[in-house]
Structure formats: structure tokens, C-alpha cells
Amino acid sequence: MRKQPLSPEDIKKYNRRLWKLLIGGLLFFALFIVLIGFGLFGEIPSFRAIEHPKSNEATEIFSEDGKVLGTYFVKNRSNVNYSQISPNVINALIATEDVRFLSHSGIDFKRTFTIFAYILIGKKQGGSTITQQLALNLFSDEGRQKNYLKRVIQKFQEWVIAVKLERNYTKEEIITMYLNTVDFGNQAYGIKSAARVYFNTTPDKLTVPQAAVLVAIQKGVTRYSPTRNPVRALARRNTVMALMVKADLLTQADFDAVKDRPLDLHFNAATTNEGIAPYFRSVLKSEVKKILEERSITKNGVPYDLDRDGLKITTTINYDMQVYAEEAQKEYMKILQAQFARSWKGRNPFKGMELQIEQGIKRSDRYKALKLEGKSEEEIKEDFNTKSMLSIFTWKGNIDTLMKPIDSVKYYKLLLRNAMMAMDPKTGYIKAWVGGINFEHFKYDQVKMGTRQVGSTAKPFTYTVAVENGISPCLTVPNVPVTISNPGSEDWTPRSSGTLPGSITLQKALAYSQNYIAAYLMQQVGAPAVAKQIVKMGITSDVPVVPSICLGSFDASIYDMVGAYGVFANRGAWTQPTYILKIEDKNGVVLYDSKPVIKVVMNEEVAYVMTRMLKGVITGGTGSRLSYKYGVNAPTGGKTGTTQNNSDGWFMAITPDLVAGVWTGCEDRAFHFTSTRDGEGANSALPIYAGFMKRVYANPSLKISKADFEPPKSGVSIVYDCNQYLQPEQGTTELDKKLGF
């Protein structure tokens, strides 16, 4: 049956219906967009939010010489400016993600409508512009929706936000913001973190292949990860460079020259445990929080979040010195641990140590976790006696092994720990801080947080009081036992080993760390005066007013001890050990800068005389191996320290430009070296200082002088030249002459 042609009236009717449908659809779409803009289908950021987009930005910690020590982050992101990004990155991104980026206004309608054509032929193509992707990164906590209907609504929300972004920012600002917010995998958020994590460089130095690798990751963070899937990453990198050629952003010749190159990664994992100075960074974080809280420094009334607010903290740490300190520790602790193991060969170090092992179990993370799970003591005991896979620290690297957890507790009880700090005595600026042997396994900082018995490193404090009271270093004293009455308790008589016979000068007594002479001086000046002097010199831990403090029976931190020894090197002035220079917000506004705290706690003449006495320890006393064995020949004062049963080994050292302290011992003082030969500070601590200083002196850019301590300009009235001392001497030996006594 033949159809009748449409009449003019029918055509008009259908046209009206079509136009109504089209206009109605457009009006509905416009209303839909308006409703999205008003947040009916989900919150849309306000103009203020657009002006201040949210971004979890990592706080960066800088050394004094401007190098990044590490970051605090939820997402490891650090922002950069457009001028700090290589054009190679910009070109690779535009060619790959949004070739018409410079010409559209946030929405590329041509690209959007081609999506449908691609769908019809069974292909996929992303329709989001760089601006839309930025909108999603900045304002969607959930990321791209998986539900189709929700994704459609989210897509239109992106349109609205993208248009707002385009109206309020330049193209340069938009692409910079995008590169600062995208996820590059491996805890690298933003181009600055990605450049550092994958290539150990900065964004402005990224080459074409490197830029292409990073842009390639945006196709799939896992699928094209250069660390997890290097073959795919390499292929995708070349695809990105080919797209750059197609977009006339790279010449064919340049592409051909680099397409066969390997990925050439210089991977640096972004974790708070990795990198240099992890113990320092941990202590620093707590200190920064404390400073901001005590001074009520806030962000519009809200406390700063160090993991999210992108602060910049400049510290006093010298990058090279920190590296040298960590290298020196690692180098020698391997040797010392082997010595420790040999000293216990054929013996049972755990005999009678049941209590210490039980304490070790209850302090372990495993025990605490099992307790939280509601396990009984019997169940926990069974768990600790059942083999399981454990990751164990060794000086050869972490080892995954099948082991009973109780055996791992015993293993760690016999593992030597070590810590070190170095400081400029004139400014109080801390240059190196090594708080332990491995932050991943042992989080406790032993520089500032931990205290240990200081042993003979406390003797110079008693000598200081004696010199202040007019006792010359050249005074000759019989080296015999001394008993000191101690009101309220038993009389005290110190023990001594390696006692030099006869009468000796105070200089020689300190050089050879003679206990009887230290006790003699304590008897002369009294415990209250010595305790007061110790506190004046910056020791903040408890110092009991008892005679035994002359032999270091009290506990102190390396942090305090280095500060105290700094008084000798700094002409009698105590300068508070400092490690923060300034704190800035992400825009460079200074929130806090440090001011030195200096107190004169000792006569300058006394301080100078003490430097000479401490030099005697190095030139011919218990610290002489610093020179003859390790070849550190610069003028240095120092003091070794060894506590009872060889539980703690110390070495304190002073030069005009650096003061340092090193401690070594087991976690529990009940475990220790079996002989003083191995456990004394001269063997367990001094070699680490030697390894550190050899590296420091070999680097002329550090400008650490080898000059001697300068005497006071007004001269020295205290007699320290024993040739001029009027008291009759019993003759001068060759050793006396060598030491200058």
C-alpha cells in the first residue's frame, strides 16, 4: 500500500514537536547543569574553594645547605611553580592527555563527542581534558566513580568545576596545579616527588625520556609502573614520545635518538623510614608540633597538620656530615658486632636473664598486638614458642627467616646499638644526628630521647670545679684509694682498674682516666658543687648529689652531653643545642625562626685549661688511638667512658669547630661485652668518631678547621705548664715530656 505524502500541516506539526523536544532537552540539560552547580547532586566547591583548592601536601625537611632530608606526608606531595617544570613534561602531558589544551575552555566538545564514535567501533578513549582531570583530583575524595549513573553525574560536575577553573586560572597555573596533584605511584604525588622518587632529580631537569616515563604512568599507575612493569612502561614511554612527534612537540630525529634507551631509573622509595636522618626527622616532627602549639601558631585558627599542610622546615643538619656519620656507624658497627659475638663464643649469655627476656617479650610489638586481640598469657607464650616467618635486621641487610619469636627477642638483646651527634659549639647548630642503628626496626631515638650511664666522660666536670677552685692541673696526687663519707648512707670507696702506681699529676690522671684521683678531687670540692656544675653545663636528667657522680654514675643523653662538652670548646659559654633554623608555610611565610640561647657557665681561662687537659687524653691517654691507629691528627680534646661491666662505651670529642658524642651498648645493660678490651669506649665508640672526622676533614667545602684552641686574649693565670709549677716533682719521665706535663 502506497503511503500518502505528508501534508504541509503535518510537516509543520512534526517540526514543532521536534523543536519542542530539542528545546525542551536543551532546557532540561541547562537546568540539570544549573542544579549540579547548586550542588543538588553532590557538593560543588565554592569560588573560595576554587581559589584555595585542597591538597594533601607533604611537609619538606631541608638541611642547612638546602637539600631535602625527607618529608612528612599522608600523600608524598610537594608543589612546584610552572618555571620549575621542564618543558619536556608540559609537552609530553599535552601531547598525550589533551592536545587542544591551550585552545579549549575546560571542555573539549570535539573530543567529547568523538567518544561515541569510538564506542560504536569498540574502542575506548578518554574524554576528560587536563582541566577536568584536575577538577577530579582536587575536589573528589572518592576518585573516579565505578557506578555508571554516578559517573555520569560526576562527569558533569567535572565540567562545571573545569569551567570555574578556566575562568579563575591561567593555562600555566592549571597545568602546574595538575602536575602537582596527580598520583605517580610508589607514594609519589606530584611531579616534584615523582622526579625525586624515580630519577633522583628535580622537575626542571627531567629529560624527554624521563618526562615521557612519568606521563606514561598516568595511563595506569600499576600497569605502566616503571618499577613493577618496566617492559610495559618502556613501551608506553615510547608511545608518549611518538605522540609528541605527532603533535609537533618533538622532532622525529630527537625521537629516533632516544627511543632505544633504557628506563635508567634512579629509584628512591618514598617512605618516612627511608632516606637519611630518620631518627632526627622523627624527633624533629614532635618538636615542630610542640613549637607551633606553644606559640599558638595556626592556620586561620586551625592547628597545622605536618602531614598535609606543606610546611617547609629548614634545619641545622649538614647533609654531607649526616651522610658521613651514618656511613661511619655502619662501617664500624659491623666490625664491633662481630667482636661482640666472638666474646660470647662458647658461653651462654642468657643464663640468669629470664627476667630480661620476659621484659623484652612484653615490650615487643608482637606481644602488644596479641594482647589487643584478647589472647591469654598462655596463648601468647605458645605463639612466642612457635616458629613463624620473621624479618630480622642484620648488618648484611634484612633477612626473612623461619624463627621462634622468643629467639628473635634473644637475638635483639645481643644486638649492639649505637648513636652519635655532632654540633658546632659556637652556634649550637647540630650538624649530624644518628639516633640508632636502623629506624625501620628500632624506632627509639638514643640521641635525645634515651639516656644512659655516662661513666668516665663525667670526670671532666669534677676536674672543672677543681680548677675553678684554684687547683692546678699540675698538682701531683698519690694514686691511692680514697674513701668519702656520704651523710645518710654508707661511705663510698671507688674501685679502679689499670691504676698507675705512685703519685701523678691531675693532667695525667685525666688522660688515663684514673678513678682514685677523680674521687680525691670530689673529696676536695664536694658533691653539691660538682652536681651544680653539671646542671649549669646543660645536663637535664637527674644528677644525684652523691660522690659517685665524679665517675659518671648518673644517666644523660648524648644531646645533653654534647651540649655540655661544647662549653669547653666555646670558651666557657653554653650554647643550647639547636636543630631548627626556621619553619615556613607552603607559601614561604616564616612562622618561626630560632634564636640562640647562650649562657656563660664557666670562666674562659678554666675552659681553655680544660681543653688542654682533654687534649692530653688524645695525645697520649686513653684516646690516643684516634691518632696512632685511625690517623686523625688535628688538635682534638676528648674523653673515653666505660661503665660498669662494660655495659656502655662512650667517646666525647671537641675541636674548635665541632663537638661530638658517641655511645654504644646493648638495649639492656644486663647484656654487655665480656672484656674491657672490647667494651671500653676507646674501642666501642671512638672508632666511629674517627671514621666520621676522617670523612669531614677530607671534604674542604665543609670548612672544618684543623686549628688549635685559642687561649684567652687576656692571658691565662692558671698554671697549666707543669715545668713552671712550683710544687716539687718526683722526676719527669719520657711519657711526661711527650704529653707536655
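These notebook entries record what I looked up in the predicted model shown above.

**Ground rules.** I worked on a predicted model, in which local features need pLDDT of at least 70 and side-chain atom pairs count only at pLDDT 80 or more, while totals for chains, interfaces and linings use all residues. I number residues from 1 along each chain as its sequence is written, and side-chain values use heavy atoms, with hydrogens and water left out.

**Sheet with β5.** I began with an open sheet of five strands in the order β2-β1-β5-β15-β16, whose pairing is mixed; strands here are DSSP runs of E with at least two residues, helices are runs of H or I with at least four, and both are numbered from the N terminus. Two strands count as paired if DSSP finds at least two bridges between them. β2 (68-72) and β16 (590-593) stand at the edges with a single partner strand each, so one side of each has no neighbour in the sheet. Neighbouring strands are turned by 15° against each other on average, direction ignored, with axes taken as lines fitted to C-alpha atoms, for helices over the stretch in contact, and angles running from 0 to 180 degrees between N-to-C directions.

I then followed β5 (residues 312-315), which runs parallel to β1 (residues 59-62) and is joined to β1 by three bridges. Glu60 has Lys312 as its bridge partner, and Phe62 stands opposite Thr314. On β15 (residues 580-584), which runs antiparallel to β5, I found four bridges to β5, and there Thr314 stands opposite Lys582. Both faces of β5 are covered, since Lys312 and Thr314 on one side and Ile313 and Thr315 on the other are all buried; buried means under 20% relative accessible area, exposed over 50% and partly exposed in between, with a 1.4 Å probe and protein chains only.

**Sheet with β18.** Next I looked at an open sheet of five strands in the order β9-β8-β20-β19-β18, with antiparallel pairing. Its edges are β9 (430-434) and β18 (637-642), each with a single partner strand, so one side of each is left without a neighbour in the sheet. β18 and β19 (residues 648-654) run antiparallel and are joined by six bridges, and Thr642 has Gly649 in β19 as its bridge partner. Helix α23 (residues 604-620) packs on this sheet and touches β18 and β19, its direction making about 65° with that of β18; contact means heavy atoms within 4.5 Å.

Just after α22, Arg571 takes a positive phi of about 60°.
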